[in-house]
There are 2 protein chains.
Amino acid sequence: MTDAFPYASRMSGMRASEIRELLKLLDRPEVISFAGGIPDPALFPAEAARAAYAEALADPKAALQYGVSEGYGPLREWIAAQMTRDGVPAAPENILVTAGSQQGLDFLAKALLSPGDTVLSEYPTYLGALQAFRAYEPRYDRLRFDGGNRTPASYLGRAARAGGAVKALYLVPDFANPTGLSLGLQARRAALALAEELGAVVVEDAAYRALRFSGAALPSLQALDAEARGGLDASRVVCLGSFSKTVAPGMRVGWVCGPRALIARLTLINQASALHVSTINQIAMFKIVEQGISPLVAAARPHYRRKRDALLDALERYAPALARTAPEGGLFSWVTLPEGTDAAALLERSLVEVGVAFVPGAAFHPDGSGADTLRLSYSLPTTERIEEGIWRLAKVI
Amino acid sequence: MTDAFPYASRMSGMRASEIRELLKLLDRPEVISFAGGIPDPALFPAEAARAAYAEALADPKAALQYGVSEGYGPLREWIAAQMTRDGVPAAPENILVTAGSQQGLDFLAKALLSPGDTVLSEYPTYLGALQAFRAYEPRYDRLRFDGGNRTPASYLGRAARAGGAVKALYLVPDFANPTGLSLGLQARRAALALAEELGAVVVEDAAYRALRFSGAALPSLQALDAEARGGLDASRVVCLGSFSKTVAPGMRVGWVCGPRALIARLTLINQASALHVSTINQIAMFKIVEQGISPLVAAARPHYRRKRDALLDALERYAPALARTAPEGGLFSWVTLPEGTDAAALLERSLVEVGVAFVPGAAFHPDGSGADTLRLSYSLPTTERIEEGIWRLAKVI
């Protein structure tokens, strides 16, 4: 799960030539970027990775050979145990190893969606999911957890009139990209009840779930549903996991956890697409997490909390009138600009006049709304640069 | 590009329970397998890989971070130069790095095919291509280079009656999987002329092209077409390349080479699917091939030639009446059984009675024909085991 500035700009209706000019600005060292949703490389476990790849290559005939499409056995077992610790009683047969959770989104869309089918999501939602689903030509309808959800009959009726069915609810319940917000327990239960009435699959994107740095953890949608139904194989929730935010994204290792019948279907899709995730990367990832993922997560949490604090403090100091979210984890805060402000136009001015980048919010809205919103990622800049960047940004807002 | 025995068996109509029983047999050490189309791990460059991963991890912030969807710049440059040496004047912008050529097949099908469209291929053809294309619901029509090709109007007429268009010709011109056969120069020119008349893209699968061990090399379809049209960007050929057979498949690195407009489309598809190929694997692969891919290829050629010789010698000795191909490269020979023999039934007897595995040929035919054919891969067994295996197999035929 990432999203690139150029892609977001394309979606917000800028011309290619404009984007190219802006991108040149982004490369300048004085530009402070809140745009990329990528983890801080200062957290990468360099020593553990060196040891893991060296150990994997002690058996080159295994590490460099083809593997099975469902994934490397010991890694699937480790992931299943990890899911179980997080409240989802998973066996290895409930796990498909994917090239990051993004690939899981593509495979799920291929398995679930036909053109004209409906996906329910919050507006805004994760840009990479919209992009992964696009090839399968769904339409979107809006989920709201502020009391504004419509009746199941209304969702079903609109989906049928569009020539398809409600096939999936897509949700990022923990520290969502782009808003940083989490669903409360009541909203989680409401989402599951709605999915049940609609007969739809719930796609739970848990890419940031491990990165909670304040507040109390809530059970995942999959944990709630598996408990209610007496097991994961009877659940309608499929969960996307990732090592990209807790270990390293460049290895491209994530997973899908779901009922084994669905996992078997997704495994065939994987076999027809990329065959399997790189063998050596799966073995190396297993060796890294087997040594202990807890210290990595334990280091990441205060690291990102400090950066979030720097961002919120700076917003409070330099732009106190701006509405923004206060995330309890993850990498993002979401800002709503004064009414009538266009975030795409602001980005251009911000880059040219003060050298600050962010992602305009319209890109995250399936219906193209949200022109007056923007996403700030605090993961990459230092706390000093965060303060400096918000001070500069406030000058152009 | 690989294909697993269980998958082939499934396609040849065996029951799941039968397959499970047969698979148990395959795990027995006394079974000699000509089934898997995978490279011999004895050829893997273990030392070079150890050095390459260690060097890549000397800069962990780059090797473990997200990368761009088009691929790692220096690797794209190296591949472009390699394509140019092979007669295709390619720039880095003509290259997309993929997770093996299998992923290139999936992305191309996503870009080119709608349900009901027609793909032309030889019968038999590569199983993994049929599987990659399946999700996009094409129909197939048969290409023949023995003088039996139909008129362009006939191909177009049937495609239109099926409700689509002829979108692609899929060809493995060098040492095809599964037959081991290559297209002659005249057939290559005929394929390009036909594609021109049909207005279709030519998908050239070159996964085995580097593994020629006898006979003279022929220009690739892409080289011929780029020359005729004055450049690659004007060509209708897109070529799939792979390091799986020359370096190692477990790293999952291959490429698509084509006109830059198509590469740009495929790059967006990659961005929506897996984002990009593992950064560390791309960097490590670049370091391995930059050190020299020629010694690896130079070692592989005589290695596989010796095994092919052992296979053909054994077939001549123990089953002289069987029709089989004599490949000039690659990993496969193709056998036609006495008329009326069912290769799937033979496989069952062969495994149970003499402990020999192969892939029944029907799996490679889009129309399910070819029941009396089978594929033998000589890549994995030693020359002694090859002779022993063919001796055993001859007893049950």
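In chain A of this predicted model, four strands form an open sheet in the order 9-10-13-12, with antiparallel pairing; strands are DSSP runs (E, at least two residues) numbered from the N terminus, and two strands pair if DSSP finds at least two bridges between them. Strand 9 (323–324) and strand 12 (359–360) of chain A are the edge strands, each pairing on one side only. Strand 9 of chain A is joined to strand 10 (residues 332–336) of chain A by two bridges in the antiparallel sense. Arg324(A) has Val335(A) in strand 10 of chain A as its bridge partner.

Thr118(A) lies in strand 3 (residues 118–121) of chain A and is buried, its relative accessible area being 0% (buried: under 20%, 1.4 Å probe, protein chains only). Residues up to four places away in sequence aside, Thr118(A) touches Arg139(A), Asp141(A), Ala159(A), Ala165(A), Val166(A), Lys167(A) and Ala168(A) (contact: heavy atoms within 4.5 Å).

In chain B, the axes of helix 5 (residues 73–85) and helix 12 (residues 279–292) come within 9 Å and cross at roughly 40 degrees. Pro74(B), Leu75(B) and Trp78(B) of helix 5 of chain B meet Gln282(B), Met285(B), Phe286(B), Val289(B) and Glu290(B) of helix 12 of chain B.

Residues are numbered from 1 along each chain as its sequence is written, and chains are lettered from A in the order in which they are written. Local features need pLDDT of at least 70, and side-chain atom pairs count only at pLDDT 80 or more; side-chain values use heavy atoms, without hydrogens and water.

Terms used. Axes fitted to C-alpha atoms, helices over the stretch in contact; angles between N-to-C directions. Buried < 20%, exposed > 50% of the residue type's maximum accessible area, 1.4 Å probe, protein only.
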